[in-house]
Amino acid sequence: MTVQARPARTRRDPQPEIGCDDDSPTIISLCGVNVGYDDRLALEDVDLQVPKGALVAVVGPNGGGKTTLLKLIAGVLRPWTGTVEVLGAPAGRHAQRVAYVPQAELVDWSFPVSVWNVAMMGRYPRLGPLRHPGRADREAVAAALERVDMADRARSTIGALSGGQRRRAFLARAMAAEADVYLLDEPVTGVDLPTQEAIMALMADEADSGKTVVATTHDLAAATRHFRSIVAVNRCVVASGPADLVTDRDVLARIYGPHLLVLGKGIGIIDDSHHHDDPAGRERHFHEDRGGRP
Amino acid sequence: MNLQETVLDPLAFPFFVRALVASMIVGLVCATVGSYMVLRGLAFMGDALSHSAFPGVVVAYIVKAPLYFGASIAAVGTALAIGWLTRQGRLRTDTAIGVLFAAMFALGIFLFSTIPNYVGDLFGFLFGNVLGIGFGDLLSLAALAALVLATVLIFWKELLYATFDPLGAAASGLPVARLDYLLLALIALTIVISLQAVGIILVVAMLITPAATAQLVARSFGRLVVTAAAIGALCPILGLYLSYWLNSASGATVVLVESGLFLVVLAATGLAGRLRRLEPEAD
Amino acid sequence: MSSRLACKASHALAFAALALALATSSAGCGSTSTTDARLTVVASTTVFADMVASVGGGLVSVTSLVPKSADVHTFEPRPADMKAVASASLLVMNGLGLDDWMERMITNAAPEGTPVVKLAENLPGVELLPGETEDTQNPHLWLDVKYAQLYADRIAAALSQVDPAHAADYDSSAAAYVQELEELDAWVRAQIATVPEANRKIVTFHDAFPYYAREYGLTVVGVAVEAPGQEPSAAETAALIDAIKASGAKAIFSEAQFPTQLVDQLAAETGVTVVSNLYSGALGDPPITSYEAVIRWDTDQFVKALK
């Protein structure tokens with residue numbers, strides 16, 4: 001299954017060439033999307049279709065719009081122009097079927113919650129106010145914790161966990177939510193190889209079961225190894241296609257531009273100093289002053 | 001003077017019993033709402049909202065409306081304004097708070113200065129006048145406190161998720177913006193309830209200190225709130241008794257008791273942490 | 001470890017609760033309160049307390065809420081004050097806005113039906129002067145000795161009503177006290193008479209002395225602060241400076257409990273003398289330990305500065 005996206009054109013033309021017809025079993029669809037923060041354009045002219053069961057990595061340089069894309073799909077960011085559709089409705093309408101795993105850096109790890117609590121949060125949206133989690137919810141959470149192999153750490157506070165364990169706890173939340181769409185922001189960044197394998201194996205299972213997984217990563221090797229399709233984003237969609245797309249030097253040049261140093265045949269170095277997309281003013285929530293950023 | 005007299009003598013006076021009950025209720029509600037504030041870094045916001053109640057009180061005094069009515073409108077209005085300004089995104093949160101805080105308080109002083117005659121009532125709002133709480137005041141206070149606590153209970157899960165991970169919560173469909181505004185409104189309402197007991201200047205301590213103390217020892221969110229609420233409800237007992245026998249300002253004495261407890265727990269948990277590091281590592 | 005801490009804390013709490021239960025269940029062995037046969041009276045200020053003591057003598061035990069050298073307008077009650085109000089047999093206040101805070105204390109603390117006498121309100125035979133706004137009156141009646149005599153009579157009436165057994169005693173004490181005040185009144189007139197007419201202009205910190213001034217022939221040219229606790233605006237201060245200069249007043253009179261910066265500033269701008277130790281609503285350290293002492297002292301200060 002391929003992800004279709006229209007590469008950005010040099011000329012402004014409001015009519016998209018491809019990607020907005022209704023035939024494909026599309027779970028996520030962006031058409032003609034322009035979006036940014038304050039006056040700054042973050043993503044330009046995005047057309048993107050993600051079919052059911054896809055396992056997509058969104059790659060690109062930092063600040064290029066990866067997290068922005070994820071937020072658009074999650075429905076927490078509204079596009080300036082164009083439409084974003086998820087599960088057949090505007091993004092956000094079916095939010096209970098979408099699970100979002102945020103970047104580890106943005107989480108307050110000193111918050112007094114246990115692994116079980118975090119996973120149970122995945123069940124909250126479907127419960128509504130006043131209703132308590134019931135047996136079905138507890139069973140779903142227990143099953144999710146089993147799958148991520150965190151059942152024995154269920155009562156630990158998240159602050160006491162290692163990086164990999166923290167990642168798995170949030171994954172359990174997404175799974176307990178029984179979502180149809182997984183949106184993961186840098187899921188394999190900063191975790192050891194075995195945990196990477198474990199997490200991506202889970203996501204592959206989910207994709208095989210018909211869920212749609214979209215994850216951002218700046219780790220090209222991980223993208224190639226674990227994902228089935230790739231969308232390269234650098235202020236616009238630079239390229240999209242099967243996972244081995246990023247081994248193409250031209251594609252790499254278009255994604256990383258001046259950050260790519262070509263050493264010789266088939267070898268290149270990408271220098272992309274680690275920093276985060278600025279979440280920017282419009283989206284500031286009270287928690288973001290809490291030093292979640294480096 | 002034995003222990004029995006120390007405890008029972010003040011209880012013979014209805015004003016003391018009312019002050020005690022009022023302080024306990026106020027302490028309980030403040031600590032509950034304050035738990036969210038401590039986890040979200042809203043302490044400055046709390047102080048700002050309490051100061052912004054002042055012009056509301058002054059205006060109500062001038063137009064001869066109930067003072068609590070004016071305080072509520074001013075505090076809740078400022079809370080929503082700060083929330084809105086922050087979401088517009090052009091200012092950092094603490095800048096927005098600082099600007100509105102100072103402006104509102106200055107507005108209050110400005111209006112205050114235009115009142116030609118003496119206004120002792122308004123001083124009571126600055127520093128609290130828990131000894132002056134009548135039976136009717138106590139009933140309104142209890143009713144509003146029940147409203148705030150009920151709201152917190154009803155939206156317990158949603159507020160927890162939105163506090164912990166706003167992005168994840170929003171993505172999974174919770175109305176995070178509305179929950180933010182709800183929390184701000186609850187804070188404002190809690191402050192208004194507490195004005196008579198501790199006054200504008202000190203109410204932030206009632207909000208923050210018990211929750212800060214609880215944060216040192218609680219390992220789950222539920223336990224944090226319950227511990228904070230217990231501290232908030234029990235410290236005023238000691239505080240009021242102390243103020244009775246020492247003949248000191250009641251609100252300030254309660255705050256000092258809460259702060260003292262915080263220091264004690266801080267020292268104890270710090271010591272415990274150091275001892276734990278000496279023990280062999282268990283996994 | 002934190003759960004161990006919680007465990008220890010709960011043990012301590014349980015122990016404290018047990019100790020408290022044991023203590024309160026034990027037969028009371030505390031001291032029994034000595035029954036005082038005197039009438040318990042609580043007055044708002046030390047000046048009124050002194051008047052009550054002068055009329056009631058050994059039959060009353062009177063305390064004041066506002067301590068000496070404090071300001072009656074900005075008083076904040078403490079627990080002991082509430083307790084005093086709750087246990088009093090008679091409450092004495094001035095009214096007319098001087099001590100409204102006592103009204104609230106009475107509502108909250110005093111048992112139902114405790115008699116309250118407001119010395120200045122509806123007092124027959126007085127001509128009230130206007131207060132800071134149109135619908136208020138100036139409450140500082142007692143600084144006119146003639147009105148103080150009316151206060152004394154009213155106190156006697158109140159005491160007699162609460163303690164009818166000793167009505168005769170109160171009446172005779174009051175009569176004697178009124179006679180002393182009569183002599184005081186004459187003395188003040190004689191003192192003021194020694195001040196040349198042209199010099200009988202004063203500026204006071206707040207409007208405490210209009211009745212005194214009216215009775216004894218002084219003119220209050222201006223007042224620094226309309227209501228204590230409120231800073232005057234720049235325009236008001238300027239107007240006052242002009243009024244002082246225009247009138248030729250020789251002295252500004254402030255009181256012991258007020259801050260001196262404003263008065264000093266006015267004096268610097270206008271070149272007049274500052275006298276900052278008058279008494280109006282409260283007694284002070286010896287020798288200002290009675291109402292009469294207050295009047296004598298104030299009069300001395302006026303005469304000395306204005307001659």
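Me: In this predicted model, what makes a residue buried?
Reply: The model is predicted, and burial is counted from C-beta atoms placed from the backbone. The cut-off for buried is 20 or more.

Me: Along strand β2 of chain C, which side chains point to one face and are buried?
Reply: The side chains of β2 (residues 60-64) alternate.

Me: Which residue of β2(C) does Thr40(C) stand opposite?
Reply: Strand β1 (residues 39-43) of chain C runs parallel to β2(C), and five bridges join them. Within β2(C), the residue opposite Thr40(C) is Ser61(C).

Me: Which strands stand at the edges of the open four-stranded sheet of chain C?
Reply: The sheet has the order β6-β5-β7-β8 (chain C), with parallel pairing. An edge strand here has a single partner, so one side of it is left without a neighbour in the sheet. The twist from one strand to the next averages 30°. The edge strands are β6 (219-223) and β8 (273-278) of chain C.

Me: In β7(C), what is the bridge partner of Thr204(C)?
Reply: β5 (residues 201-204) and β7 (residues 251-255) of chain C pair in the parallel sense over three bridges. The partner of Thr204(C) in β7(C) is Phe253(C).

Me: How many helices and strands does chain C have?
Reply: Chain C has 307 residues, of which 41% count as buried. Among its contacts with a separation of 6 or more, 62% join residues 24 or more positions apart. Its secondary structure comes to 10 helices and eight strands.

Me: Why do the buried residues of α4(A) line one face of the helix?
Reply: The buried residues of α4 (residues 135-147) of chain A are Ala140(A), Val141(A), Ala144(A) and Leu145(A). Seen down the axis of α4(A), they line one face because they fall within an arc of 130°.

Me: Which exposed residues does the face of α4(A) turned away from its buried side carry?
Reply: The buried residues of α4(A) are covered by elements including α2 (115-121) and α5 (163-176) of chain A. The face turned away from that buried side carries Arg135(A), Ala136(A) and Glu139(A).

Me: Which helix gives the most to the side of chain B that touches chain A?
Reply: In this pair of chains, 29 residues of chain B are in contact with 35 residues of chain A. At least two residues of that side of chain B come from each of α2 (14-40), α8 (156-164), α9 (166-171) and α11 (221-246) of chain B. With five residues, the one that gives the most is α9(B).

Me: Over residues 9-23 of chain A, how many contacts does the model have beyond near neighbours in sequence?
Reply: Chain A averages a pLDDT of 81, and 82% of the residues score at least 70. Over residues 9-23 of chain A, the pLDDT is below 50. The contacts of this stretch beyond near neighbours in sequence number 15.

Note on methods. Residues are numbered from 1 along each chain as its sequence is written. Chains are lettered from A and ligands numbered from 1 in the order in which they are written. This is a predicted model: local features need pLDDT of at least 70, side-chain atom pairs count only at pLDDT 80 or more; totals for chains, interfaces and linings use all residues. The expected span of a helix is 1.5 Å times one less than its number of residues. A residue is buried if 20 or more other C-beta atoms lie within 10 Å of its own, exposed if 12 or fewer, and partly exposed in between; C-beta atoms are placed from the backbone. The arc is that of the directions from the helix axis to the C-beta atoms. Two residues are in contact if their C-beta atoms, placed from the backbone, lie within 7 Å. Two strands pair if DSSP finds at least two bridges between them. Axes are lines fitted to C-alpha atoms, for helices over the stretch in contact, and angles run from 0 to 180 degrees between N-to-C directions. pLDDT is the predictor's confidence in each residue, from 0 to 100.
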